[in-house]
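Here is a short briefing for a first look. Please keep the sequence and the 3D view at hand while reading.

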Amino acid sequence: MQLSGGSPDVPCLTCGKRVFGLRWGTDCPECHARREARANRLAGKVALGATVLMAAYVWLAVPAEAGLGRIYGAIGVLVTYVLTRRIVSRIAMEYLPR
Ligand SMILES: [Zn+2]
């Protein structure tokens, strides 16, 4: 919705550059990409740490002769990496300092 008399270009929340069609309180595409790259780097590190912890837990908690247990454990380790990465990335996009 366009407010009458309002300017169609809106300043970026981070760098202040005026961009046509930007929504109020959001970043321009360059700042958004930079922020997303930072969030993804952080998410990768956190997810790696969580995955190592999960793998250690599965290694210690599931006996080797458990058969399918180790396979399910490995699936759990992979799921841990994917979910942790997504969750941390989303949180970092919200809370990383600008
Ligand atoms: Zn910007």
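Buried means under 20% relative accessible area, exposed over 50%, and partly exposed in between (1.4 Å probe, protein chains only). This is a predicted model, where local features need pLDDT of at least 70, side-chain atom pairs count only at pLDDT 80 or more, and totals for chains, interfaces and linings use all residues. Residues are numbered from 1 along each chain as its sequence is written, and side-chain values use heavy atoms, with hydrogens and water left out.

**Zinc site**
- Cys-12, Cys-15, Cys-28 and Cys-31 coordinate the zinc ion through their SG atoms, at 2.2 to 2.3 Å. Donors are N, O and S atoms within 2.8 Å of the metal (3.2 Å for Na, K and Ca); water is not among the atoms, so sites may look incomplete.
- The site is tetrahedral, with angles of 104 to 115° among its four donor atoms (four donors count as tetrahedral if all angles lie between 85 and 135 degrees).
- Along the chain, the donors follow the spacing C-x2-C-x12-C-x2-C.
- Cys-12 lies in the loop between strand 1 (9–11) and strand 2 (18–20), and Cys-31 in helix 1 (residues 29–61), so the pair ties together parts 19 residues apart in sequence. Helices (H or I, at least four residues) and strands (E, at least two) are DSSP runs, numbered from the N terminus.

**Burial**
- Cys-12 is buried, at 4% relative accessibility.
- Cys-31 is buried too, at 5%.

**Gly-25**
- Gly-25 lies in the loop between strand 2 and helix 1.
- Gly-25 is partly exposed, at 48% relative accessible area.

Methods:
Tetrahedral: all angles 85-135°; square planar, octahedral: opposite > 155°, others 65-115°.
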